[in-house]
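Biologist: I would like to learn how to read some features of a model. Please take them one at a time.

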Amino acid sequence: MSVSPKPQVEKLKPCYHGGPNYAELRKLGISPDAVMDFSVSSNPYPAPVELKNALCSLVIDRYPDSDSAELKEYLAGRLSLKPENLIMGNGSMEIIRLVAGAYFGVGDTVLILKPTFGEYELAAEVAGADIIEQWADEESGFKFDLDLTCRIIKKHQPKAVFICNPNNPTGVYLSKADIEKVLSVCTDTLLVLDEAYIAFAEGGWKSTDLLETGNIIVIRSMTKDCALAGLRLGYGMASAEIITNLKKVCPPWNVNSAAQKAGLVCLCHPSYLAESEKKIKASKEYLRQGFAGLGFRVLPSETNFFLLKVKKAADFRSALLKHGLMVRDCTSFGLPQYVRIAPRTQSECERLLAVAAELKSKSEIYPA
């Protein structure tokens with residue numbers, strides 16, 4: 001008889017993500033290098049050329065700095081924070097797991113504002129916590145009723161509340177006043193504010209001003225900003241007390257030397273991200289107008305990706321994938337009539353619209 005895992009592990013369901021499914025591509029006879037991936041909402045432009053030189057000189061026969069000290073100190077200076085207010089992670093997803101490992105346990109409740117990133121729920125369930133869901137509906141443009149959020153927090157006193165801002169996959173971006181409203185009722189609740197897509201947000205505001213309130217951790221991804229998906233890099237910002245608790249459950253050497261070096265190079269070249277943002281914004285608008293012209297409903301978004309309403313998301317994705325084009329089927333978010341699209345380079349966006357127009361003319365894809 002095999003040894004049984006923890007009860008909460010037996011009940012877990014896999015969390016679906018965008019990006020290439022390599023087994024699926026092999027089955028279709030498509031090379032991963034031939035895929036134009038509009039499902040991953042990250043910077044489509046290569047990192048600064050200096051990164052290649054830095055990685056070529058990388059020393060790999062010794063362990064990386066467990067504290068990512070050089071990277072963390074530079075980042076702290078950029079953010080006007082102290083290093084003790086930062087923790088580096090193997091992608092922002094690791095920070096989410098550290099929060100769950102340090103703060104959640106069996107019998108705790110966690111509030112998650114949905115539809116949103118599925119890893120919040122999985123991390124909480126692994127820790128044994130119970131989930132409270134608050135859903136935004138299509139009629140409201142997927143905007144959250146924050147009065148209801150506050151009432152739920154007051155009633156249930158959850159251990160934590162997860163808010164993705166800008167939200168994945170809807171692109172809805174809450175104001176500073178909105179977050180302060182929720183934070184005001186989090187007297188015994190940790191607010192986990194996931195800003196993985198903040199670099200691409202329109203009208204962004206300074207969330208670091210909220211750290212002094214104590215019951216908040218802000219999570220960000222450098223994987224998205226700096227096109228480092230293959231290396232994985234993210235960080236959390238919080239009070240020194242919260243960071244100390246996260247470090248207690250953080251494995252040593254969690255950020256490899258290549259990721260640390262890459263993050264430092266990208267931070268030293270702020271013009272790279274600024275130039276990328278301009279091109280991403282232009283390509284996003286090009287795609288939005290193009291799909292609207294084909295008769296699709298395109299939802300507003302305040303970050304780099306947007307939702308497109310279709311007849312059936314799974315079929316839409318499959319039809320495009322046969323042509324080497326990948327979009328994010330949002331069925332796993334609870335949105336089976338939506339796909340999420342993030343812009344790539346202008347020429348790739350032109351290719352996507354051309355194929356979509358051809359497939360629509362052949363009645364192989366349909367608007368909702």
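Biologist: What should I know about the source before reading on?

Modeller: This is a predicted model, in which local features need pLDDT of at least 70 and side-chain atom pairs count only at pLDDT 80 or more, while totals for chains, interfaces and linings use all residues. Residues are numbered from 1 along each chain as its sequence is written, and side-chain values use heavy atoms, with hydrogens and water left out.

Biologist: Which residue does a cis peptide bond join to Lys 114?

Modeller: Pro 115 is joined to Lys 114 in this way, with omega at about 0 degrees. Pro 115 belongs to the loop between strand 3 (109–114) and helix 6.

Biologist: Now phi. What is the phi of Phe 142, and is Phe 142 buried or exposed?

Modeller: Accessibility is sorted by relative accessible area: under 20% is buried, over 50% is exposed, and in between is partly exposed (1.4 Å probe, protein chains only). Phe 142 has a positive phi of about 65 degrees, although it is not a glycine. Because its relative accessible area is 3%, Phe 142 is buried. Phe 142 lies in the loop between strand 4 (130–135) and helix 7 (146–156).

Biologist: Which value does phi of Ala 227 come near?

Modeller: Phi of Ala 227 is near 60 degrees, again positive in a residue other than glycine. Ala 227 is placed in the loop between helix 9 and strand 8 (234–238). Ala 227 counts as partly exposed because its relative accessibility is 30%.

Biologist: Into which domains is the chain divided?

Modeller: Domain bounds come from an automatic or database domain assignment. Here there are domain 1 (7–45 + 271–362) and domain 2 (49–269). Their C-alpha centres lie 24 Å apart. Contact means heavy atoms within 4.5 Å; the contact takes 32 residues from domain 1 and 33 residues from domain 2.

Biologist: Why does the largest pocket lie between the domains?

Modeller: Start with the method. On a 1 Å grid over the protein atoms alone, a pocket is an open set of points with protein on both sides within 12 Å along at least five of seven lines, and lining residues have an atom within 4 Å of a point. Points are joined across faces, edges and corners, and volume is the space filled by probe spheres set on them. The largest pocket lies between domain 1 and domain 2 because both give residues to its lining. Its volume is about 1,100 Å³. It has 46 lining residues, and those nearest its centre are His 17, Gly 18, Gly 19, Phe 117 and Arg 340. Two or more lining residues come from helix 5 (92–103), helix 6 (119–126) and helix 9 (222–225); helix 6 gives the most, with 4 residues.

Biologist: Which classes make up the lining of the largest pocket?

Modeller: Ala, Val, Leu, Ile, Met, Phe, Trp, Tyr, Cys and Pro count as nonpolar, Asp, Glu, Lys and Arg as charged, and the others, Gly among them, as polar. The lining of the largest pocket has 20 nonpolar, 14 polar and 12 charged residues.

Biologist: How many residues line the second largest pocket?

Modeller: The second largest pocket is lined by 22 residues, with Arg 78, Leu 79, Arg 220, Asp 225 and Tyr 235 nearest its centre. Its volume is about 500 Å³. Helix 12 supplies the largest share of this lining, 4 residues. By class, the lining has 13 nonpolar, 4 polar and 5 charged residues.

Biologist: Is Arg 317 buried or exposed?

Modeller: Arg 317 counts as buried because its relative accessibility is 8%. Arg 317 is part of helix 13 (residues 313–321). Leaving aside neighbours within four places in sequence, Arg 317 is in contact with residues including Tyr 16, Glu 24 and Asp 329.

Note on methods. On a 1 Å grid over the protein atoms alone, a cavity is a set of points where a 1.4 Å probe fits but cannot get out, and a pocket is an open set with protein on both sides within 12 Å along at least five of seven lines; lining residues have an atom within 4 Å of a point.
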